[in-house]
Amino acid sequence: MSDMLKKLEELKIVPVVKLDRASDAKALGDALCRGGLPVAEVTFRTDAAEESIVTMKTEFPNMCVGAGTVVNVEQAKRALNAGAEFIVSPGFSREVTEFAIENNIMIFPGICTPTEIMAAMEYDIPVVKFFPAKQYGGLDTIKALAAPFPSLKFMPTGGINAENIKEFLACNKIIACGGSWMVNPVHIDNKNFNEIVRITKEAVDLVH
């Protein structure tokens with residue numbers, strides 16, 4: 001297992017971050033680090049993603065920063081140039097997957113069917129993102145999918161929160177869970193970063 005996967009498995013939670021303003025990236029990175037969770041999946045749902053990744057990697061060199069919601073090669077290139085250490089896509093794209101492999105960057109392609117898993121496994125991908133987890137049957141579906149693919153591990157995202165994350169992590173096929181409850185956009189918009197520290201600490205204590 002790569003160092004990246006080991007680190008994510010140790011942290012157990014990958015905060016899924018949506019930033020509307022790159023100017024908030026430093027404070028948010030600081031809050032996550034102070035809360036004991038030095039990792040972020042910065043989603044390309046906004047124009048601030050690229051600059052936010054640059055800021056987090058510059059200000060917090062030991063933080064594990066990746067790019068999420070990467071849906072095409074152009075975004076993947078921007079993520080790589082910004083310093084992203086991993087790429088997460090909401091679905092499976094051969095083009096994005098091949099770009100990541102060619103550039104030696106870890107990719108977690110989104111899947112929710114056996115067909116998509118088989119496509120991802122053609123590239124020897126060890127961990128896939130199961131998304132949206134809650135809407136596609138949650139833990140029961142992951143266990144059913146894991147049976148015919150025993151070498152594969154999952155990183156579920158979507159509908160995971162403080163109430164159900166321990167149940168997911170109890171499954172040995174799951175290395176970590178993506179979640180956004182500790183990085184609520186309301187707290188970011190209101191500059192309430194101490195609240196993010198508090199919720200992050202609670203989340204870390206919960207899973208450890």
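The model is predicted: local features need pLDDT of at least 70, side-chain atom pairs count only at pLDDT 80 or more, and totals for chains, interfaces and linings use all residues. Residues are numbered from 1 along each chain as its sequence is written, and side-chain values use heavy atoms, with hydrogens and water left out. Helices (H or I, at least four residues) and strands (E, at least two) are DSSP runs, numbered from the N terminus. Buried means under 20% relative accessible area, exposed means over 50%, and partly exposed lies in between (1.4 Å probe, protein chains only).

- Strand β3 covers residues 64-68, and five of its five residues are buried, so the strand is largely enclosed by the rest of the structure.
- Cys64, Gly66 and Gly68 lie on one side of β3 and Val65 and Ala67 on the other; all are buried, which leaves both faces covered.
- Strand β2 (residues 39-43) pairs with β3 in the parallel sense over five bridges; two strands count as paired if DSSP finds at least two bridges between them.
- Opposite Ala67 of β3 stands Val42.
- Together with helix α3 (residues 49-59), β2 and β3 make a right-handed β-α-β unit; right-handed here means that, with the strands pointing away from the viewer, the path from the first strand over the helix to the second runs clockwise.
- Helix α3 includes Glu59, which is partly exposed at a relative accessible area of 38%.
- Between Glu59 and Ala120 there are 34 Å in space, C-alpha to C-alpha, and the two are 61 residues apart in sequence.

**Sheet β6-β7-β8**

- Three strands form an open sheet in the order β6-β7-β8, with parallel pairing.
- The edges are β6 (110-111) and β8 (153-156), each with a single partner strand, so one side of each has no neighbour in the sheet.
- Four bridges in the parallel sense connect β7 and β8.
- Lys129 has Met155 in β8 as its bridge partner.

**Aromatic and charge-ring contacts**

- A search of the whole structure finds two aromatic pairs; rings of Phe, Tyr and Trp (its six-membered ring) pair if their centres lie within 6.5 Å, with planes under 30 degrees apart counted as stacked, over 60 as edge-to-face and the rest as tilted.
- Phe86 and Phe108 form an edge-to-face pair, at 5.9 Å centre to centre and 75 degrees between the planes.
- That pair links distant parts of the chain, 22 residues apart: Phe86 is in strand β4 (residues 86-88) and Phe108 in strand β5 (residues 106-108).
- Both Phe86 and Phe108 are buried.
- Phe92 and Tyr123 form a tilted pair, with 6.2 Å between centres and 45 degrees between the planes.
- This pair also links distant parts of the chain, 31 residues apart: Phe92 is in the loop between β4 and α5 (94-102), Tyr123 in the loop between α6 (114-121) and β7 (127-130).
- Phe92 and Tyr123 are both buried.
- Lys129 lies over the face of Phe131, at 4.4 Å from the ring centre; the criterion is NZ of Lys or CZ of Arg within 6 Å of the ring centre and within 35 degrees of the ring normal.

**Backbone geometry**

- Phe131 and Pro132 are joined by a cis peptide bond with omega of about -10 degrees, and Pro132 is in the loop between β7 and α7 (138-146).
- Thr69 is not a glycine but has a positive phi of about 50 degrees; Thr69 sits in the loop between β3 and α4 and is buried at 16% relative accessibility.
- Asp124, also not a glycine, has a positive phi of about 55 degrees; Asp124 is in the loop between α6 and β7 and is exposed at 69% relative accessibility.

**Pocket and cavity**

- On a 1 Å grid over the protein atoms alone, a cavity is a set of points where a 1.4 Å probe fits but cannot get out, a pocket is an open set with protein on both sides within 12 Å along at least five of seven lines, and lining residues have an atom within 4 Å of a point.
- Grid points are joined across faces, edges and corners, and a volume is the space filled by probe spheres set on the points.
- The largest pocket has a volume of about 260 Å³.
- Its lining has 18 residues, of which Val16, Arg45, Thr157, Gly179 and Ser180 lie nearest the centre.
- The elements giving two or more residues to the lining of the largest pocket are β1 (13-17), β2 and β9 (177-179).
- There is one cavity of 30 Å³ or more.
- The largest cavity holds about 30 Å³ of space, and among the residues lining the largest cavity are Lys18, Asp20, Arg21 and Pro185.
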